[in-house]
Amino acid sequence: MHDEDTEVGYVGARFGSPSVRKRLREERRRAKAKPEPEPAPPPEPEPEFEPEPVWPEYVDSSALVRPYARTGGRTESSYDLRLETLISAEEVNLYRATNDQLPMMRLCVHPRSVAEIAALSDVPLGVARVLLSDLITLGLVAVHERDLPDMSLLERVLAGLHRL
């Protein structure tokens, strides 16, 4: 059987030169003579409550809500709002808007297209269309219909382009 104080291994082989075996014996004796290390202090007790996470200042609270949760899951708007459709709101209507509607209403104080409003609101275009159609239904914003150009004018422009 193997004894820790010997230099002979389990299979009877000797390890190293006599000087190495002597050094190993001395190291083993020193290791046995060393006092045991002091036990680590007990871990601090965990707090009874979880602190609220600290959000960076630049994170908007509306960014923490899924876009389609703001529309109640609706994906279709009540009105045909194209990208270039202009929407505007009067400042007197701002007081009638809810907290969810107010940021979009403020964007509409100056006439803007649906695409601009979606980009500045940082919501997908489909969500912006649904939210804008809600504002239109409530009478909080006005839609500026685009006047379609005269067909004869378009035909003349097309003919001019063909002549080039």
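## A tour from the core to the charged pairs

Start by selecting leucine 135: leaving aside neighbours within four places in sequence, leucine 135 is in contact (heavy atoms within 4.5 Å) with Gln101, Met104, Met105, Leu140 and Val141. You are looking at a predicted model, where local features need pLDDT of at least 70, side-chain atom pairs count only at pLDDT 80 or more, and totals for chains, interfaces and linings use all residues. Residues are numbered from 1 along each chain as its sequence is written, and side-chain values use heavy atoms, with hydrogens and water left out.

Next, select Ile87, Met105, Cys108, Ile117, Leu132, Leu135 and Val141, which touch the most other members of the largest nonpolar core, a set of 23 residues. Such a core joins buried (under 20% relative accessible area, 1.4 Å probe, protein chains only) Ala, Val, Leu, Ile, Met, Phe, Trp, Tyr and Cys residues through side-chain atoms within 4.5 Å. Now colour helices H3 (102-107), H4 (114-121) and H5 (125-137): each supplies at least two residues of this core. H5 gives the most, with six residues. Helices here are DSSP runs (H or I, at least four residues), numbered from the N terminus.

Now for the charges. Two salt bridges are counted, each a side-chain nitrogen of Lys or Arg within 4 Å of a carboxyl oxygen of Asp or Glu.

- Select glutamate 27 and arginine 23, whose side chains meet at 3.2 Å, N to O. Both lie in helix H1 (residues 18-33), four residues apart, about one turn of the helix.
- Select arginine 82 and aspartate 80, whose side chains meet at 3.7 Å, N to O. Aspartate 80 is exposed (over 50%) at 62% relative accessibility.
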